[in-house]
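Please walk me through this structure.

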Amino acid sequence: MSLEKLLVPIDLSGGIDTKTDEKMVLPSSLLKAENAVFTTGSVITKRFGYASLGKSIAGSTSISSGDALARFQNELLLFSNSILYSYSSGRDEWIDKGGSLSVTIESDDVIRNDYEQSAPSISYGNGIYCIAWEDTEGGIRASVLDAVSGAFLQNNTSISTDGKLPRCIELNGVPAIVYIETSDNDVDIRTLKIDDPTTFNAAVQLASNSDTSVQQLDAIEYAEKDAIFAYRNASSQVQIAYITQDGTVGSGTNGYVNPVTIANDPKDSISIFRDPNNDRDIYVAYSTDAASAGLKVSRMLFDLTVYATYTVEG
């Protein structure tokens, strides 16, 4: 006796049930669905596939391997061998956007209290981190951490009760803090005692003519042992000077050049930069909101003579 074919309707409106024990799942539900997607109502259809994208690089060869895909707005991005590529759908090609490195950000609390902290700065030397900031508790405060263990060698130490604009630097491996002392309009520096990192040395004056109303300051390491700083002086000019590895101001009497000034008003900001590929080149950027002044950058040589001045925006 031949068997008769019979269409048996199966209700799949229950979708996929992953919460219920598989022995108790109702016939209208699924335990697993491969390459399937629910569309309207209880209709199940085959899932859409994927189109293979081209591997050609515009103006170059082709991509041999990929590390990751990402999206920026409507742009498809590919990471391959530390290079970032952007996909051009119209050309079916990848555009080289330049080098890319994966960065993982971690953070630790340096200070947490009822006061407010601002203008932070950090430096590293001899296995020690030095972090300084302005604090509503009063002036500038700092903490010193062991780079390996993370232990605090100093925690929330007062550097100056009237200080502003701390800039942490490193002098021949010794962490130091450059700042403006508003009580006497000095630019001062305090270096860490390497033989006793629980203490800072007393303040040393680097300059005595900081502007009394608008303070601006920046400092960076220069070469391997010393540093350089720029500030707004009492004549509303940019003044630049070296800091020796001993934590004193550079001058003609100790083998450096004397401090120099640039006749421009750095009312809004000062930033100083050393070319890492050429220690002889120093760049000082300064800005003001005055008409036709804008943002300027002066390129200086090691003897602090101005080689050229560029107007970035004015």
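A salt bridge is a side-chain nitrogen of Lys or Arg within 4 Å of a carboxyl oxygen of Asp or Glu. This is a predicted model, in which local features need pLDDT of at least 70 and side-chain atom pairs count only at pLDDT 80 or more, while totals for chains, interfaces and linings use all residues. Residues are numbered from 1 along each chain as its sequence is written, and side-chain values use heavy atoms, with hydrogens and water left out.

Side chains of opposite charge can pair when their charged atoms come close. By the salt-bridge rule the count comes to 7. One of them joins arginine 112 to aspartate 109, at 2.6 Å from N to O. Where do these two side chains sit, buried or exposed? Arginine 112 is exposed, and so is aspartate 109. Here buried means under 20% relative accessible area, exposed means over 50%, and partly exposed lies in between (1.4 Å probe, protein chains only).

Another salt bridge links arginine 91 and glutamate 93, whose closest N and O atoms are 2.9 Å apart. Arginine 91 counts as exposed because its relative accessibility is 57%. Glutamate 93 has 16%, so it counts as buried. Arginine 141 and glutamate 137 also meet in a salt bridge, at 3.5 Å from N to O. Arginine 141 is buried, because its relative accessible area is 13%. Glutamate 137 has 34% and is therefore partly exposed.

Now turn to the strands. Helices (H or I, at least four residues) and strands (E, at least two) are DSSP runs, numbered from the N terminus. Take strand E15, residues 186-191. How many of its residues are buried? The strand is mostly covered, with 6 of its 6 residues buried. In a regular strand the side chains alternate between the two faces of the sheet. In E15, Asp186, Asp188 and Arg190 point one way. Val187, Ile189 and Thr191 point the other way.

E15 has partners. Two strands pair if DSSP finds at least two bridges between them. Strand E14 (residues 174-181) pairs with E15 in the antiparallel sense over 6 bridges. Within this pairing, tyrosine 179 has aspartate 188 in E15 as its bridge partner. E14 and E15 form a hairpin with 4 residues between them. Asparagine 185, in the turn, has a positive phi of about 60°. Strand E16 (residues 204-207) is joined to E15 by 3 bridges, and these two strands also run antiparallel. There, valine 187 stands opposite alanine 207 in E16.

Next come the rings. Rings of Phe, Tyr and Trp (its six-membered ring) pair if their centres lie within 6.5 Å; planes under 30 degrees apart count as stacked, over 60 as edge-to-face and the rest as tilted. The structure holds 6 aromatic pairs. In one of them, tyrosine 124 and tyrosine 129 have ring centres 5.2 Å apart and planes at 55°, so the pair is tilted. Tyrosine 124 counts as partly exposed because its relative accessibility is 44%. Tyrosine 129, at 35%, also counts as partly exposed.

Why is the pair of tyrosine 242 and tyrosine 256 tilted? The ring centres are 5.5 Å apart and the planes stand at 45°, so the pair is tilted. This pair links distant parts of the chain, 14 residues apart. Tyrosine 242 lies in strand E19 (residues 238-243), while tyrosine 256 lies in the loop between E19 and strand E20 (260-262). Tyrosine 242 counts as buried, because its relative accessibility is 5%. Tyrosine 256 has 22%, so it is partly exposed. Tyr222, Tyr242 and Tyr256 form one aromatic cluster.

Finally, look at the cysteines. A disulfide is a covalent bond between the sulfur atoms of two cysteines. Here the test is a pair of cysteine sulfur atoms within 2.5 Å. A search of the whole structure finds 0 disulfides. Cysteine 130 counts as buried because its relative accessibility is 0%. Cysteine 168 is also buried, with a relative accessible area of 7%.
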